[in-house]
Amino acid sequence: MLIITQTEEQKMLVKMVQDFARDEIANEVERMEEQDRFPEEIIKKMGELGLMGIPIPEKFGGAGMDFSSYIRVIHELSKVSATVGVILSVHTSVGTNPILYFGTEEQKQKYIPKLASGEYLGAFALTEANSGSDASGLKTTAKLVDDTYVLNGSKVFITNGEYADTFITFARTGESKNDISAFIVEKDSPGLSIGKNEKKMGLKGSSTVELTFEQCRIPQENLLGMEGEGFKIAMANLNIGRIGIAAQGLGIAEAALDYSVAYAKEREQFGKPIAANQGIAFKLAEMATNVEAAKLLTYQAAKRIEMNQSCIKETSMAKLTATKTAMQNAIEAVQIYGGYGYTKEYPVERLFRDAKVTEIYEGTNEIQHIVISKELLKGR
């Protein structure tokens, strides 16, 4: 059984992040919502605090902390802003880690210190209009011409896209289904066009764009790993990315619970706080129980990654449970607030909109069911 404990270093980190979220991020949330404005200054300050490279080794300019510490930070940030939580998650889990795990020494030295310091922002370009859950069905191509790869195709729903400096990009380098390779594409690569930001239901302030590659020229040395290893690289890092999204969902779910408890104690109907009504009290009990279950699964999966243990099933379970809890807790929070919960004056309306996408990206929850069931049947 996993008992979640914190080292003194982790306690200090969490306290610092909580203070930063309260003093810096909370003040920007309303502006991000109203203007759909990317929080550039917040991300810059996070870089100065060392939060953009938490699990990155010190020799590459990172904080050199463990993976669980990184997950704690996303969890805490997402209680205040799920937008900031996902910016960090994508930057680190799938924007930086692929280079750390699969890059050459030259690639690591060139890119990771800038990503770990926050000088560069990372993004991940896998999804296409006709290949979402079926990642191996992508159509973007890359052909080696002399010492340059030429990319043609497009990607959609790229988080951090407008502000990213590097894109871990996947393209087909052969005719067979598995002939997929990964590349480090810089934002100013000739032939790369970055589209407008999508108008999204939630996660206001995050940048989500389409990328178009038209005879986009990438130096041969920017091939990540070997030709044909792209699908393996994508799946390995999506597995890690799912823990980041689980932590984001956990933050949303816990915020919904905290707001609901506070409101239920303050709001009076029929001469008493609504928390005294069994219908409301039972909702709170269910919300709290689900948060604790999601927390255990999320931190258990993070610990397994930290210990370099197999955890495909565990990461999918964490992602599935934490994001379902985020959505359900947000629904219940709106219900507890009643008519006020349906207005933008109260934060639970934002949590409701932010929660939904956690069940969709980094592998839909339907895909998580497939992964979990396959792993169960394989083991038996």
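**Which residues do ring pairs link into a cluster?**

Ring pairs link Y263, Y337, Y340 and Y346. Before working through the details, note the ground rules. This is a predicted model, in which local features need pLDDT of at least 70 and side-chain atom pairs count only at pLDDT 80 or more, while totals for chains, interfaces and linings use all residues. Residues are numbered from 1 along each chain as its sequence is written, and side-chain values use heavy atoms, with hydrogens and water left out.

**Exercise 1. Classify the ring pairs of Y346 with Y263 and with Y340.**

Step 1. Take the rule. A pair of aromatic rings is described by the distance of the centres and the angle of the planes. Rings of Phe, Tyr and Trp (its six-membered ring) pair if their centres lie within 6.5 Å; planes under 30 degrees apart are stacked, over 60 edge-to-face, and the rest tilted.

Step 2. Count the pairs. The whole structure has eight aromatic pairs.

Step 3. Apply the rule to Y263 and Y346. Their ring centres are 6.4 Å apart and their planes stand at 75°, so this pair is edge-to-face.

Step 4. Helices (H or I, at least four residues) and strands (E, at least two) are DSSP runs, numbered from the N terminus. Y263 sits in helix α7 (residues 230-266), and Y346 in the loop between α9 (312-337) and α10 (348-358), so the pair ties together parts 83 residues apart in sequence.

Step 5. Turn to Y340 and Y346. Here the centres are 5.5 Å apart and the planes at 55°, so the pair is tilted.

Step 6. Check accessibility. Buried means under 20% relative accessible area, exposed over 50%, and partly exposed in between (1.4 Å probe, protein chains only). Y263, at 9%, is buried. Y346 is partly exposed at 24%. Y340 is partly exposed too, at 38%.

**Exercise 2. Trace the strand partners of β3.**

Step 1. Two strands pair if DSSP finds at least two bridges between them.

Step 2. Strand β2 (residues 141-145) runs antiparallel to β3 (residues 148-159), with five bridges. T141 faces N152 in β3.

Step 3. Look at the hairpin of β2 and β3. Two residues lie between the strands, and D146 has a positive phi near 60°.

Step 4. Find the other partner given here. Nine bridges join β3 to the antiparallel strand β7 (residues 208-219). L151 is opposite C216 in β7.

**Exercise 3. Is strand β5 buried or exposed?**

Step 1. Count. Seven of the seven residues of β5 (residues 180-186) are buried, so the strand is largely enclosed by the rest of the structure.

Step 2. Name the neighbours. Strand β4 (residues 166-172) joins β5 by seven bridges, antiparallel. F167 has V185 as its bridge partner. Strand β8 (residues 223-224) is also antiparallel to β5, with two bridges. There, F183 stands opposite L223.

**Exercise 4. Check the span of helix α8 and find what covers its buried residues.**

Step 1. The expected span of a helix is 1.5 Å times one less than its number of residues. Helix α8 (residues 278-306) has 29 residues and should span 42 Å; its end C-alpha atoms are 42 Å apart, which agrees.

Step 2. List buried residues. Among them are I280, L284, M287 and V291.

Step 3. Find the cover. It includes α3 (67-80), α7 and α9.

Step 4. Go past the end. Just after α8, N308 takes a positive phi of about 60°.

**Exercise 5. What does E375 contact beyond its neighbours within four places in sequence?**

Step 1. Locate the residue. E375 is in helix α11.

Step 2. Apply the cut-off. Contact means heavy atoms within 4.5 Å. Leaving aside neighbours within four places in sequence, E375 contacts I312 and K313.

Step 3. Compare sequence and space. E375 and K313 are 62 residues apart in sequence, and 6.0 Å apart in space, C-alpha to C-alpha.
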